[in-house]
Amino acid sequence: MTTGALRPAADVRVMDGNKAAAWAVLLCRPDLLASYPISPQTPLLEQLYKFRAEGRLDAETVEVEGENSALSAAVGAVTAGGRAFTATSSMGLMFMYDAYLYASGQRVPVVMSVATREQCAPHTVSSGQQDIMMVKEGGWVQLVAESCQEILDSILVAYRLAEDPNVQLPVNVCYDGYYLSHLSEPVGVPTQEAVDRFLAAVGVGKRPVLSTEAPLSFGAFVLGELYAEYRYKHCQAMQRALDLAESLDGEFQAAFGRAWGGSIEAYRTEDAEVLLVGTGSACGTLKVAIDHLRQEGVRAGLARIRMFRPFPRRRLAELMRGRRAVGVLDRSVCFGWNSGHLYVDVRATAADLEARMPLVNFIGGLAGADIRREMLEDAVRTTVARGRGEPGPEVVWLGLE
Amino acid sequence: MSAVARARHHVIVGAGTAGLSAVEAIRRACPDDAVTLLSAEPDPPYSPTVLPHLLAGRIDETRIALRPEAFFARGRCRLRLGAAVTALDAERRQVRLGDGAALGYDTLLLASGSESLRPALENPDGVELLAFTRLGDLRALRARLHDGARVAVLGAGLIGMELAEALVHRGRGIHVAVIEQERQVLPRSFDAELAGEIAALFESRGVALRLGRRATALERAGRGVALTLSDGRREPADVVVACVGVGPRAGFLAGSGLAVGRGVLVDRRMVTNLPDVYAAGDVAEGPSADGTPGVHPVLPTAAGQGRVAGLNMAGRPVEHEGWLPANAFNFFGRVAVTVGATEIRPEWASLARTRGRARGRLLFAGARLVGASFVEVPVDPGALGWLIRQGVPAREHAELLLARPVEGARWLAALSQREVA
Amino acid sequence: MKEIRFHGRGGQGVAMAAEILAAALVRAGGFAAAFPMFGFERRGAPVAAFLRLDTAPIRERTQVYAPDCLILLDPGLVRTGVIFDGFKAGGALVVNGATLPPLPPGVRVGLAGIVRATAIALEELGRPAANTAILGAFAGLTRWVSRGALLDVLPDYFEGDALDGNRRALERGYREARLVTVPEAAHAVP
Amino acid sequence: MATAALPVLRDTLAIDFGACPPGCRACAEACARARTVGRITALDLPEVAFHGAVTCGQCGEPACRDACPTGAIVKEDAGVVRLSETRCVGCGACAIACVWGGITYDLGRGRAAKCDTCDGRPACVEACPTGTLSWVETSSLARRFRHPDPFTPGVGLCPGCAAELAFRLTFRLIGEDVVVFGAPGCAVMLVTGLNASATTRLPAVTGLMTNVPSLMTGVVRQLRRQGRRTRCVAFVGDGTTADVGFQALSGAAERGEPVLYICYDNEGYMNTGVQRSSTTQQGARTMTTPVGSERSGKAQAAKDVPLLMAFHGVAYVATANVAFLEDFAAKLERALAVEDGFAYLHLYSPCHVGWGAPMDSALEIARRAVETRVYPLWEADHGRFRITHPVARPRPIDDFVELMGRFRHLGPAERAALGRAADERYRRIEALCAAFADV
């Protein structure tokens, strides 16, 4: 299945990932935009402020003094019945972590994009996925894009997911810093009417909001069983978001003519002997590598994780079932597991399968280090070799040594 | 988190001025505490001060309730009428009631007031001797008063003179004779000179005063009775009312271990010798303004002591400023007011002023005012009392105080109050 | 698929040059993807940008290691010794300047052109943003993109006087670019 | 929402004591004309060169009432101490009990009389030619209570908490078209509830210590967008304000968000067991500034947060104090008059538990903090500085220090230093008033 393919058309513009995100936000008609600049997300904000200055974006804009406040102002607006957007990267995401947990625990359906970036220290502003991995247990829904078009589309889907009465959760739309945030490529911009129709299913009035007519208390102190009940319901909502992501994909295709595969994009997996698992922009290069190797008779496929949280455990297990080996591409490290983060999840998923298979983890692309096609072809070959029983280390650092 | 104090149960014996002031104070300090107010009498709380006014017809019984009914309905206050206390068991922290029931307390206030003293006289026939300290006394007296009745009043103290005045005011040809062993009326309230004037006033209204004599015997004589006086004369009468004095109503406390002198002994916080037992009002013998103890059965003292007792019972340690003798009399429209000392001491100075029937006298200890008495002059006893209590140096303004007592006293008091505040 | 690598310095509009070119290629009905390689943002720092063009969607998200074309906004960067890394034999070279820079041994250039893009920019824009002039030269020299497509997308990036100036700069770059002969160069146009 | 009946509280008579013109008896004469028996006394005393007037002050706990044997004197809910002439028997006990000159004993009729303010239209005030007598709002604070107490029953704070008092007053003034914001801290239990129970009848948001002004920003922007003028009011502590949440506060102030931020300052982290905050007074003992042989009490002076806020250039900044509620209410109203800008109130709110003082001492401590100049009351209204409660002759610092266990270890020199620091603080505000009185 070729998903997300774009046919050149009149509504196609060349733009980078940040601009694609900005266009999506514009189309979703937020009430409030709160922002604090941080590379590489800054051009997104600048584009939104440009829209605002030009009168195209009718939203409150709050130039906050820090990321904690950016998310908090957005949470405030949503609590009062609005739709809000914010964006961040890297240390900015860390600096809003208390508000991040507050937003999900309060079940505030806010949408925040993350142009992913490495963490300090050492200092760097380069690409990497460490930031979103550090917050993956924060109770948010996390979508990860591979292309600029997918960034735009994912933001539209994010509001549908977030504001769905059965979900009511904040959603991250994540895309690789620089590799997507600054990648200019053709992006189809939907019409406002189409987006309005798509979002009509959610919005104000379908969830509890602050009001003086029917006063509610937000952020109450809770002990014991009631707290457990809130957590239980939060967990249930996460699972409903997973289901909704699958059905929304069809709805999205009906509305915009593009499908992305729901929680996982399965690429050339039908007859694959080995499966690669990855997330984000490097999957584009990985697809090229797979195509290339298939010409040599290597039967490899790719499971691209589009929804990283909640983790699509059941679908992934189905895709892993019966493969000779599974290779996992990570652009982050999980301290203490001596591997990447995605690898830990895949390993956990493997436990759902009756039959074991070799698993191998490839870590690369940290701090903007380029993941070249040749590296990925080597990774696929290594996975194939493990499937044949060849020994080797569990974790392979691409480009190191 | 601080622990919240448990709500306590306060029992107050006596529903007069002292008891009610205590209720107000407890309510204000500890609104959650429970109060039980026990009154031996069947009537809603009243003050015996109203008795002569009821008799004179200046007021009727529907207008004498000290507090409206709603007062008792508020908060956790329970008023029990006809509930006489017969004993106190301080060890078990309970009082015993007339019906034998026991009532526990956390704190107890004795505010049972005073009762009439019985005169020492021979009464072989068992002739009825009325008193004049309770509503019941008043009702008994009224029942026996027919037109032209002869009433003998034993004692020319405050109660006796007020009774006499009320009887005269009532009219209907009632003859009143007052028998007093001292040589003047109101011996504990006025000096001889002023008392003489008051006596003349009563006599001019037809009251027979038998001064310097006391009744020694009482017997039936025809349809009436006859009193034998100490000088041998006989005084015929239809009704005899004993007003020879009052004493603390403390008989029921016998055997309780409570220290009783002339009244129940209390300190400035109205604390007795027994734990959590307080006393206030007519039943209490507490410090005066200068610290000497005494029973001072007048209303402002009862109110002040009751309030202090109530606050202490509620856990607020406050002290009573001590009672100051003060009285206001109004006999046949003649007004007399005394505050502080009435008897001059050798080391004191007396300054007086007389203008027609109006008289004023001030007693000074050095610069300080210690006593004031005025007749037929508008005065402010409260302001004078402040000056005396605070020891305000008022001597240099004695002329002003005598010439214009209300303005002078209020001015001096106000200046001093602004300094204190 | 063809791959292009831009080299220049901060302030010359290197990243924008790649983006404008991608937009023009898409406007003309093709596919393109471009992105810059960033360090910390600083005027004068060496900057590279990458562009791929194809007739099908582009999925590679990597830098360009084997460019079919090098566009040198600052030929002085050749001294760093890495500019020609991976340069395909017979590839195209577009240089901002009056002459070609010295080429490392072994480099086989198929097409070489020069244009005084900075001078044009200074004359037309008043500042050394050489990107549109060199894009005009690139169009004129390689014919991989039409001058019209480039002019069509300029309004998406400039407005007012800047738009007019950049149009003039692009036109002049297109007109004033000169093919030059390189010793040992293969003259076949790719 | 049920609206509780609010008592109508009466105004009262004020007399500028001793300020009457000589020979004037206009008040007493007017009273006698209007009421037969004069109830106000003109103290026209040329002998001592004094000219004034006195009358009943309508005591809260009137001694005259307690002494009356017939229940003729009552303290009415509206504040007047009223004497029923039909119940009075003229015994004079009230006149003995009252030391304030409030009772007139009418010789002619044998009855007492006293001022009842002519039920709000006092003849004496109308007759006063100089304004020495005036009819003033003694109860203007309560008069400003246009709204019911917002609490549901059962507030889980320490007994005697000054913050609770301030919270109740605040929202009786502000009313119900409001969203109230809290943050973790003692008073969060005023804002929110526990589990499914709510503490107030108001819509409430409890944020983090770090983000309350930012949450407010989002909420208020959204409400304004919906065309609502609903007030957004924070009621949070000094830890949130001065320390961990200061960044967000500073940001919202700089942006001029249209919210009202009230910091109740109890000078420490009381909810976590009394640790120092940056507003803790110098020298004070807390659990993190304990007293020992090497160190004793907080080493640094208190951070002057209201001054910092004033220099953000926001619309309104004021200090307030729970012992000066009229002042607080007036400032609250001025803060509410700011509709389009940021308003900040810094409310001194002693914590008797954390400061080592008796349960009923919070208001007295607060009062003395002002009277000793430890806590000056001032405002900066659109940049115009003004001291709202001048303290010309400060009480000695010991009068403040002695009330609290947290200062017990301070020696005379350290106390004196505290006093000097208070004076300096006061003079700094005075200097600002002089410099920016009329910006």
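**Close-up 1. Thr228(B) and its bridge partner in strand 14 of chain B, Arg234(B), in a predicted model.** Thr228(B) is paired with Arg234(B), a residue of strand 14 of chain B, and the view takes in the two strands concerned, strand 13 (residues 224–229) and strand 14 of chain B, which run antiparallel and are joined by 4 bridges. As with every view described here, the model is predicted.

**Close-up 2. The open antiparallel sheet of 3 strands in chain B.** The strands follow the order 12-13-14, and their pairing is antiparallel. Strand 12 (215–221) and strand 14 (234–237) of chain B are the edge strands, each of them pairing on one side only. Between neighbouring strands of this sheet the turn is 25 degrees on average, with direction ignored.

**Close-up 3. The open parallel sheet of 4 strands in chain B.** Here the order of the strands is 11-10-9-15, and the pairing is parallel. Because strand 11 (208–211) and strand 15 (239–242) of chain B stand at the edges and have a single partner strand each, one side of each is left without a neighbour in the sheet. From one strand to the next the twist averages 15 degrees. Strand 10 (residues 175–180) and strand 11 of chain B run parallel and are joined by 4 bridges, and in this part of the sheet Ile179(B) stands opposite Arg210(B), which belongs to strand 11 of chain B.

**Close-up 4. The interface of chain B and chain D.** Each chain brings 46 residues to the contact, and between them chain B and chain D bury about 3800 Å², of which 62% lies on carbon and sulfur atoms. Of the area that chain B buries against chain D, 15% is supplied by Arg63(B), Arg410(B) and Trp411(B), more than by any other three residues. The interface of chain B and chain D holds 5 salt bridges, one of which links the side chains of Arg67(B) and Asp66(D) with an N to O distance of 3.7 Å. Two or more residues of the side of chain B that touches chain D come from each of helix 1 (17–29), helix 7 (299–313), strand 21 (326–331), helix 8 (381–390) and helix 10 (405–420) of chain B, and the largest share, 9 residues, comes from helix 10 of chain B. Sorted by class, this side of chain B has 24 nonpolar, 11 polar and 11 charged residues.

**Close-up 5. The interface of chain C and chain A.** In this view 22 residues of chain C are in contact with 28 residues of chain A, and about 2100 Å² is buried between the two chains, 60% of it on carbon and sulfur atoms. The interface of chain C and chain A contains 2 salt bridges, including the one between Arg59(C) and Asp291(A), whose closest N and O atoms are 2.5 Å apart. Between chain C and chain A there are 9 residue pairs in polar contact, both residues at pLDDT 80 or more. On the side of chain C that touches chain A, helix 1 (14–27) and strand 2 (31–37) of chain C each supply at least two residues, with the largest share, 6 residues, coming from strand 2 of chain C. The residues of this side of chain C divide into 15 nonpolar, 3 polar and 4 charged.

Notes:
Residues numbered from 1 in each chain as written. Chains lettered and ligands numbered in written order. Predicted model: local features only at pLDDT ≥ 70, side-chain atom pairs only at ≥ 80, totals over all residues. Heavy atoms only, no water. Pairing = 2+ DSSP bridges. Axes fitted to C-alpha atoms, helices over the stretch in contact; angles between N-to-C directions. Contact = heavy atoms within 4.5 Å. Buried area = accessible area lost by both parts, 1.4 Å probe. Salt bridge = Lys/Arg side-chain N within 4 Å of Asp/Glu carboxyl O. Polar contact = N/O pair within 3.5 Å; in protein donor to acceptor, adjacent residues only side chain to side chain. Nonpolar A, V, L, I, M, F, W, Y, C, P; charged D, E, K, R; others polar.
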